[in-house]
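Biologist: Could you take a close look at one part of this model for me? I'd like the aromatic side of things, with cut-offs.

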Amino acid sequence: MNAAKKVQKRELVKVAFIDRDATIIFEPTVTRQIDSLDKLRILPGVIEGLKRIQGDGYKLVMVSNQDGLGTSALPAEDFKAPQNELLNILRKEGVEFAKIFICPHFSEDKCDCRKPKIGLVKKFLKETPIDCEESFVVGDRDSDVDFAKNIGVRSYRMESNGIFPRIASVER
């Protein structure tokens with residue numbers, strides 16, 4: 001038997017790459033960090049939007065830049081409490097992220113994992129057969145739009161701290 005016939009074609013996966021701050025949760029304009037539970041506010045339409053996207057067969061993947069995570073600028077414990085609470089709230093609503101990728105570096109660090117670069121998700125993209133025609137990125141910044149271009153998917157740019165966008169597709 002031909003070796004190529006033995007290898008089964010893996011089904012393509014629809015992925016919704018979602019930014020966190022100012023897309024899922026409110027981002028304070030001054031500090032730009034959610035470093036305590038009292039700052040955690042889920043934006044309008046997020047839960048309904050994520051449920052709809054997930055219900056349409058998409059894997060949800062969170063991709064977020066968190067300036068100085070693990071440093072005095074943003075101690076890990078200060079980040080973990082609101083992050084865990086966010087995930088608990090979403091889980092109770094039936095929303096689960098298949099993967100969560102967080103870049104802890106500052107922009108000036110010039111790392112390979114900070115959006116719009118793809119170092120953070122490179123292994124995931126290599127191991128997961130992404131349906132690039134159906135997959136997309138949702139975010140509030142140019143870096144999210146550029147991240148989408150860099151991984152070869154479309155993007156939906158929303159207003160910072162705005163209402164989560166309605167995302168629809170038509171199949172024929």
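Is F136 buried or exposed, and what is its relative accessible area?

Modeller: F136 is buried, at a relative accessible area of 0%; buried means under 20%, exposed over 50%, and partly exposed in between, using a 1.4 Å probe and protein chains only. Quick caveats: this is a predicted model, so local features need pLDDT of at least 70 and side-chain atom pairs pLDDT 80 or more, while totals for chains, interfaces and linings use all residues. Residues are numbered from 1 along each chain as its sequence is written, and side-chain values use heavy atoms, leaving out hydrogens and water.

Now the neighbourhood. Searching the whole structure turns up five aromatic pairs. One of them is F136 with Y156, edge-to-face, with 5.3 Å between centres and 85° between planes. (Rings of Phe, Tyr and Trp, the last by its six-membered ring, pair if their centres lie within 6.5 Å; planes under 30 degrees apart are stacked, over 60 edge-to-face, the rest tilted.) This pair links distant parts of the chain, 20 residues apart: F136 belongs to strand β4 (residues 136-139) and Y156 to strand β5 (residues 154-157). Strands here are DSSP E runs of at least two residues, and helices H or I runs of at least four, numbered from the N terminus.

Elsewhere, F17, F101, F124 and F147 make up one aromatic cluster. There's also a charge over a ring: the charged end of R41 sits 4.2 Å from the ring centre of F26. That label requires NZ of Lys or CZ of Arg within 6 Å of the ring centre and within 35 degrees of the ring normal.
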